[in-house]
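User: I would like to learn how to read the ligand and metal sites of a model. Please take me through them one feature at a time.
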Amino acid sequence: MNLLEECRSAKRIGIGGHIRPDGDCVGACLALGRYLKKELPGAFVKVFLEKPADVFQEIAGFEEIDSDFGAQEPFDVFFALDCGADRLGEAEDYFANAGKKINIDHHVSNSGSGDINVIKPKIGSTCEVLYDLFEADKLDREIAMALYIGIIHDTGVFQYSNTTPDTLKKASALIAYGFDFPRLIQETFYQKTYVQAQVMGRALMESIRFLDGRCIVSALDKKTMEFYNVEPKDLDGIVSQLRNIKGISCAIFMYQTGTLEYKVSLRTDEKVDAAKVAAYFGGGGHVRAAGCTMRGTFHDCVNNLSLHIEKQLNGENS
Ligand code: AMP
Ligand code: MN
Ligand code: MN
């Protein structure tokens, strides 16, 4: 696909990503937004996202993100990035009613919901997929920084198994643009606010191991989240911390989203396919990192997850 050719005659171009946008999603949307604005100066280009975490405010274009979803007219082209149509949230209608729908993603669970689909499950981040679609001579420092932030967030700073030689080649080309990458890594990925650290501490302290210590789960209910005044985007990183515990093949972190409803995050090692487990409950993701929303009490959710995880731990691949 040639991105610019597909948009050449478009007057209104919209870009959306998944609900509760993470670094890859924010980086991808803002990188594409800037790229198209620069190369197609006659077109109206707008990024629509739920309000991202403040740590991403340094990415160029952050201030112009529309989080009120106030578009009045349909779009000639609408992009769904880092997800399929079903996770676009309030942008789902923009995508559905667009003249041309383009879906760019890397989730194995996404079968493609656009007229044009670029879905690359073997690639670690949507930002890397975009890097391949962008013409090298049309990048600038701001686009490079946006893509780099997306890559470090989805690869856990080049640590997860989705990191490939190609990831590092791209990152190497990107840091040549001269942004302060050590500071960006520290401030957008590792640094936590005091309450975020407190909530993480509490989640670790209250975690429970099961399935002979191979699985660990921790949950935060609404009351606790309100007590600390934290939002879902403050909880990033807790599940990876659980996953770091020795002997754990599957870490589960869940937070309450409503009465008898939890958002569940899964992180696994090679013994458990997280995307497969999440798919049983209508979610998806990647082999080592996936998520879903589940209904029921905390114990219902854990019991239901546990059945599927145990089968995989025992090597029964049903
Ligand atoms: P999370 O646990 O929310 O950090 O998600 C882990 C990975 O799974 C990310 O790549 C998400 O985009 C993806 N993911 C999370 N929830 C879902 C879902 N309900 N459907 C499809 N993919 C998901
Ligand atoms: Mn994402
Ligand atoms: Mn991603």
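User: How many residues surround ligand 1, and which are the closest?

Analyst: First, the basis: this is a predicted model, in which local features need pLDDT of at least 70, side-chain atom pairs count only at pLDDT 80 or more, and totals for chains, interfaces and linings use all residues. Residues are numbered from 1 along each chain as its sequence is written, chains are lettered from A and ligands numbered from 1 in the order in which they are written, and side-chain values use heavy atoms, with hydrogens and water left out. A residue is near a molecule if one of its heavy atoms lies within 4 Å of it. Ligand 1 is surrounded by 13 residues, and the closest are His107, Lys263, Ser265, Arg267 and His286. By class, the shell divides into three nonpolar, seven polar and three charged residues; Ala, Val, Leu, Ile, Met, Phe, Trp, Tyr, Cys and Pro count as nonpolar, Asp, Glu, Lys and Arg as charged, and the others, Gly among them, as polar.

User: Which N or O atoms of the protein lie 3.2 Å and 3.4 Å from a nitrogen atom of ligand 1?

Analyst: A polar contact to a ligand is a pair of N or O atoms within 3.5 Å. A backbone N or O atom of glycine 284 is 3.2 Å from a ligand nitrogen, and one of glycine 291 is 3.4 Å from a ligand nitrogen. Arginine 267 uses its side chain, with an N or O atom 2.8 Å from an oxygen of ligand 1. Taken alone, ligand 1 exposes 480 Å², of which the protein buries 81%; accessible areas come from the Shrake-Rupley method with a 1.4 Å probe.

User: Which element gives the most to the shell around ligand 1?

Analyst: Elements are DSSP runs numbered from the N terminus: helices are H or I of at least four residues, strands E of at least two. Strand 11 gives the most, with four residues. Strand 9 (261-268), strand 10 (284-285) and strand 11 (289-295) each give two or more.

User: Which residue bridges the two manganese ions, ligand 2 and ligand 3?

Analyst: Aspartate 82 bridges them, and the ions lie 3.5 Å apart. Histidine 18 lies in the loop between strand 1 (12-17) and helix 2, and aspartate 82 in the loop between strand 3 and helix 3, so the pair ties together parts 64 residues apart in sequence.

User: Is histidine 18 buried or exposed?

Analyst: Buried means under 20% relative accessible area, exposed over 50%, and partly exposed in between (1.4 Å probe, protein chains only). Histidine 18 is buried, with a relative accessible area of 4%; for aspartate 82, also buried, the value is 1%.

User: With which residues is serine 125 in contact, leaving aside its neighbours within four places in sequence?

Analyst: Contact means heavy atoms within 4.5 Å. Serine 125 contacts Asp24, His106, Gly150, Ile151 and Asp154. Serine 125 lies in the loop between strand 5 (116-119) and helix 4 (126-133), and counts as buried at 0% relative accessibility.

Definitions and conventions:
A polar contact is a pair of N or O atoms within 3.5 Å; within protein, one must be able to donate a hydrogen and the other to accept it, and residues adjacent in sequence count only if both atoms are side-chain atoms. Donors are N, O and S atoms within 2.8 Å of the metal (3.2 Å for Na, K and Ca); water is not among the atoms, so sites may look incomplete.
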